[in-house]
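Colleague: Hi! Could you walk me through this one before I set anything up?
Modeller: Happy to, here it is.

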Amino acid sequence: MGIKKRHWGAPALVLLLATGCTSGGSDTSPQPTATPSGSVAAAQVCAHPGEGPAAAPAGAVTVDPAVVGDLTAKTKSSPPHTTFWLQSGTHKLEADRYAQVVPKEGDTYLGAPGAVLDGVKTNQYAFGGDAAGVTIRYLTVQGFNAPQNEGVVNHDSADGWVIEHATIRDNSGAGLMAGAHQQVRANCLQDNGQYGMNAYKSGAPVGGLVVEGNEITGNDTDQWEQRQPGCGCTGGVKFWAVNGADVRGNWVHDNRGPGLWADTNNNDFRIEDNVLEANDGAALIYETSYNAVIRNNTIRRNDVVEGRRSADRGDDFPYATVYLSESGGEPRIPARTDRIEIYGNVLEDNWSGITLWENADRFCNSPANTSSGDCTLLAKNTARCAQPAIATPPLHDDCRWKTQRVDIHGNRFVLHPSAVGCTVKCGRMAVLANYGTYPDWSPYKGQSVAEAITGGQQNRWHDNAYLGPWSFVAHDPSRTLDFGQWQGEPYQQDTGSTYQSQAGG
């Protein structure tokens with residue numbers, strides 16, 4: 001499921017001193033954040049988890065932690081729509097890696113104060129199966145050993161699950177999978193081996209997903225990106241082919257990769273009122289996807305680890321804290337907006353700002369398309385994206401994901417170089433593409449994609465406030481601009497914006 005991030009090609013070799021980086025090695029991670037920076041409200045769930053009922057609700061089946069496998073056995077013997085109350089203590093499943101609980105439709109699982117379901121690194125999954133409408137509340141789920149790209153809770157991505165006030169921590173793989181119309185609220189998703197949550201369902205898009213008021217922290221403890229370089233398989237939450245998601249009021253921090261990553265044919269996202277903080281990678285990646293509103297988020301101290309690492313190796317690519325890769329607004333795909341709107345956000349002391357990127361060589365049926373053979377939502381049939389048809393409309397337009405119709409306004413960008421530990425190759429805004437070269441039959445060779453993303457696809461910054469020594473990159477990494485050049489011809493960006501180079505630091 002993971003895909004590689006495609007960046008600019010051969011980097012120039014430069015010394016660390018040339019980057020202006022002043023602290024730490026590239027492998028140094030920031031210290032975990034105990035509380036969100038500043039006074040912004042955030043979901044501090046992990047330190048203050050909710051407590052479930054101290055006594056069994058009327059009609060509930062009581063589950064005894066002293067009886068190994070009691071939860072599985074009572075689930076099997078009870079009818080659908082049963083409520084199970086797990087007593088305080090540590091509950092265990094049978095000592096078999098496939099001894100997971102398989103709920104029936106409408107089952108509810110409630111944890112008493114201190115109720116823990118522990119996989120003791122023997123069981124792979126906690127809850128699986130295809131039953132719809134399952135609810136899990138006030139339960140800690142830990143110690144399960146799911147394989148890469150698989151999840152512990154809702155392993156089979158069944159629809160309509162509600163997971164609330166749960167703590168899902170210290171598992172391998174993803175702590176949680178997601179099905180359609182799933183609600184994930186007020187949970188602690190902490191220190192899981194790969195993802196806090198993996199929103200993916202084989203064979204069908206996930207729709208109507210709500211992720212609200214969760215603390216998502218410390219995930220990717222197995223550091224998959226280092227084990228499989230370029231896998232694109234890490235982060236706090238990964239979304240794949242999700243059509244309709246509301247991601248709001250979460251505190252996403254100190255994850256070893258990106259905070260939130262929407263990857264391949266996602267559409268109709270609202271990402272709002274979150275605190276995205278101190279993630280090693282970008283706060284948000286929106287990749288080969290469509291139509292989103294990203295607003296009123298507080299975004300601090302992200303991408304410092306990965307940004308510094310790229311600078312150390314001499315990479316000129318403008319790594320960003322909000323990274324839009326081959327993603328844009330598309331009116332032909334139904335959503336609550338036909339653009340990508342980024343407004344009302346505060347971005348402070350991140351490695352850089354917002355990068356809009358398009359890989360000229362990445363399109364349907366190209367060997368450079370790392371999205372596992374997927375095609376766009378407009379073309380769908382990958383095989384049609386070939387010569388001679390791809391050279392002319394409609395396939396010339398529809399066979400590639402486009403970074404287009406992106407509207408960035410009313411944001412506050414603050415940079416204190418001393419806080420980031422860098423004075424060069426950080427603090428950048430960018431809109432760019434590479435020179436198209438591959439494959440031989442590509443109709444997108446040369447500068448055409450770079451010229452389109454820079455001047456022809458309605459990508460616009462305006463009415464923003466910049467505090468600190470920001471610079472700007474347009475067309476390709478070699479074109480670094482000051483604020484006046486960025487506002488002037490031919491780019492004409494950031495009309496109505498203010499710039500105070502000394503105010504940030």
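Colleague: What does the accessible surface of the protein come to, and what percentage belongs to carbon and sulfur atoms?
Modeller: This is a predicted model. Its accessible surface comes to about 18100 Å², and carbon and sulfur atoms hold 50% of that.

Colleague: Thanks! And what does the secondary structure come to?
Modeller: Eight helices and 37 strands. The radius of gyration is 23 Å, close to the 23 Å from the globule rule for 505 residues, so the protein is as compact as a globular protein of that length.

Colleague: Roughly what box do the C-alpha atoms fill?
Modeller: Roughly 70 × 55 × 40 Å, taken along the principal axes. Of the 505 residues, 58% count as buried.

Colleague: Switching to charges, how many positive and negative side chains are there?
Modeller: There are 39 positive and 54 negative ones, with the centres of the two sets 2 Å apart.

Colleague: Now the cysteines. How many disulfides does the structure hold?
Modeller: Four. With the bonded cysteines numbered in sequence order, they pair as 1-2, 3-4, 5-6, 7-8. One of the links is Cys231 to Cys233, with 2.0 Å between the sulfur atoms. That link is left-handed, at -75° about the S-S bond, and both of its cysteines, Cys231 and Cys233, are buried.

Colleague: Is the link of Cys364 and Cys375 left-handed or right-handed?
Modeller: Right-handed, with 105° about the S-S bond. Cys364 and Cys375 each lie in the loop between strand 29 (354-358) and helix 5 (395-398), so the pair ties together parts that are 11 residues apart in sequence. The S to S distance is 2.2 Å.

Colleague: And what about Cys385 and Cys399, how far apart are their sulfur atoms?
Modeller: They are 2.1 Å apart and form a disulfide. About the S-S bond the angle is -85°, which is left-handed. Cys385 is in the loop between strand 29 and helix 5, while Cys399 is in the loop between helix 5 and strand 30 (406-409), so this pair connects parts 14 residues apart in sequence.

Colleague: Last one: which residues of helix 2 are buried?
Modeller: In helix 2 (residues 70-77) they are Asp70, Leu71, Thr72 and Thr75. Those buried residues pack against strand 1 (61-63), strand 2 (83-86), strand 4 (108-111) and strand 5 (115-118).

Key
Residues numbered from 1 in each chain as written. Predicted model: local features only at pLDDT ≥ 70, side-chain atom pairs only at ≥ 80, totals over all residues. Heavy atoms only, no water. Buried < 20%, exposed > 50% of the residue type's maximum accessible area, 1.4 Å probe, protein only. Helix = DSSP H or I, 4+ residues; strand = E, 2+ residues; numbered from the N terminus. Contact = heavy atoms within 4.5 Å. Rg over C-alpha atoms; globule rule 2.2 N^0.38 Å. Areas by Shrake-Rupley, 256 points an atom, 1.4 Å probe, with all protein chains shown as cover. Lys, Arg positive; Asp, Glu negative; His and termini not counted. Charge placed at Lys NZ, Arg CZ, Asp CG, Glu CD. Disulfide = S-S within 2.5 Å.
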